[in-house]
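Please walk me through this protein fold. Start with how its chain is connected, then go inside.

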Amino acid sequence: LVVLAAWAMPEDYSWLVLSISESAAQAQQHGWIARLSFLSFGSAVLLLSLSMRDRWPRLTYWCHLVFAASMFGAAAFSHSPWQPGAPNDPAEDFLHSFFASGMGFAFCAGVVARFLQRGRGAVYGRSLDVAALLVATILPLLLASSFSVGGLMQRLMFAVAYLWYGREALIGLSVVVEQNAA
């Protein structure tokens with residue numbers, strides 16, 4: 001949906017420069033596609049968190065629930081349009097930014113909590129945790145200073161989050177399969 005949203009944008013939208021949130025901007029034609037991507041991602045993380053409730057430490061569980069709720073908030077409130085002079089609601093933009101920031105903080109805290117839970121033998125999992133944390137902390141700092149590829153950097157952050165959550169989902173699924181086989 002993130003790719004489809006960028007493809008559906010007007011010609012002056014650049015996915016390399018402009019954020020995913022800007023493809024879901026206020027009054028943006030086809031912005032519903034990007035908002036649906038936020039709802040889908042939030043729903044997937046909510047379902048994953050609920051299914052991992054007994055396997056994740058309490059802090060990990062709650063942080064990822066906050067991530068999901070923040071994703072829903074980012075979908076409910078839209079970013080200001082990127083086009084100069086387009087009508088916008090600054091309060092709605094603020095709320096979108098608030099929830100988007102909440103996603104980042106909740107993701108990082110949840111990944112740290114999961115990292116601390118893993119045993120020393122979980123080298124791949126811990127390595128992915130560290131990589132996700134590095135990407136989630138360094139890229140936002142680069143975003144603040146580099147507007148020419150900000151959209152690309154944000155999409156890389158989302159890709160890493162998709163990968164991290166996907167691996168967690170596979171771990172949960174393998175545990176369920178093992179339990180059913182026993």
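Among contacts in the protein between residues at least 6 apart in sequence, what percentage join residues at least 24 apart? The figure is 65%. A contact here means heavy atoms within 4.5 Å.

Some ground rules come next. This is a predicted model, in which local features need pLDDT of at least 70 and side-chain atom pairs count only at pLDDT 80 or more, while totals for chains, interfaces and linings use all residues. Residues are numbered from 1 along each chain as its sequence is written, and side-chain values use heavy atoms, with hydrogens and water left out.

Now the overall build. The protein has seven helices and zero strands. Helices (H or I, at least four residues) and strands (E, at least two) are DSSP runs, numbered from the N terminus. Along the sequence the pattern reads α-α-α-α-α-α-α. The radius of gyration, taken over C-alpha atoms, is 17 Å.

Next, the inside. Buried residues make up 41% of the 182. Buried means under 20% relative accessible area, exposed over 50%, and partly exposed in between, with a 1.4 Å probe and protein chains only. A nonpolar core is a set of buried Ala, Val, Leu, Ile, Met, Phe, Trp, Tyr and Cys residues joined through side-chain atoms within 4.5 Å. The largest such core has 30 residues. Those with the most contacts inside it are F38, F41, F67, F107, W164 and Y165. Several helices give two or more residues to this core, including α1 (2-7), α4 (58-76) and α7 (150-181). The largest share, six residues, comes from α3. F41 touches F67, M71, F158, A161, Y162 and Y165, not counting residues up to four places away in sequence. Apart from this core lies another, of five residues, among them A6, M9, Y13 and W82.

Last, the cysteines. A disulfide is a covalent bond between the sulfur atoms of two cysteines. Here the test is a pair of cysteine sulfur atoms within 2.5 Å. How many disulfides does the structure hold? It holds zero. The sulfur of C63 is 10.0 Å from the closest cysteine sulfur, in C108, so the gap is too far for a bond. C63 counts as buried because its relative accessibility is 10%. C108 also counts as buried, at 16%.

Key:
The radius of gyration is taken over C-alpha atoms; the globule rule is 2.2 Å times the number of residues to the power 0.38.
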